[in-house]
Amino acid sequence: MAICFELVVNFGDDAEAAQAAARIDPKPWVLRAGAHRIPLHRPMLAKVGSYIELSILPMAVSWHCGLDGSLPRLQLTAAELTELGHQLYELLAQFHGYVAAKVGWDPESLLDPAELRCEWSDELNDGSIHGLVLCEKLHAELAPSIDYEAFQPGYRWIPYRGEEPSNLTADQ
């Protein structure tokens, strides 16, 4: 089973915005992670239930990712993954028309508005889902009890705090 470090973006039903984001050329996007230079895979679009999801993965970072083929996996520290994460948020800041987004290990389950409403309401209210970006409309609908900060015009978030050492990092 693959465990992916990625940027995942929920575009709701805005196919035009999703396709515009998917057309980003990953070639100039070579991210830094300590001494490593890591290119991005081509963005992937998928219909997930009622919404369109875009995923962008750095090459050779995830565990058992089919996109990496025979590339050897880079053993990155939590600090290096955090550096990658911040750069993926810089990329996200160029997108518009999305509903929710997050960087991290398999963040897909945190982007469905229905799941956020039902299964993640405590975490939304205490701000523990750091890095979660919500459009203003969804933020208002979910009405978390703490104030989220501005991410960019039209979007709010709990700022990304980075990755912690774990069994997925080189500094476990």
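Modeller: Happy to! Tyr51, Glu53 and Ser55 point one way from strand E5, Ile52, Leu54 and Ile56 point the other way, and all are buried (under 20% relative accessible area with a 1.4 Å probe, protein chains only; exposed is over 50%, partly exposed in between). In a regular strand the side chains alternate between the two faces of the sheet. With 6 of its 6 residues buried, E5 is largely enclosed by the rest of the structure.

A word on the basis: this is a predicted model, where local features need pLDDT of at least 70, side-chain atom pairs count only at pLDDT 80 or more, and totals for chains, interfaces and linings use all residues. Residues are numbered from 1 along each chain as its sequence is written, and side-chain values use heavy atoms, leaving out hydrogens and water.

Now the neighbours. Strands and helices are DSSP runs numbered from the N terminus (strands E, at least two residues; helices H or I, at least four), and two strands pair if DSSP finds at least two bridges between them. E5 (residues 51-56) pairs with E1 (residues 5-10) in the antiparallel sense over 4 bridges; there, Val9 is opposite Leu54 and Val8 is opposite Ser55. E4 also runs antiparallel to E5, joined by 5 bridges, with Val48 opposite Tyr51. The E4–E5 hairpin has 2 residues between the strands, and Gly49 takes a positive phi near 60 degrees.

Stepping back, E5 belongs to an open sheet of 7 strands in the order E4-E5-E1-E6-E7-E9-E8, with antiparallel pairing. Its edge strands, each pairing on one side only, are E4 (44-48) and E8 (149-152).
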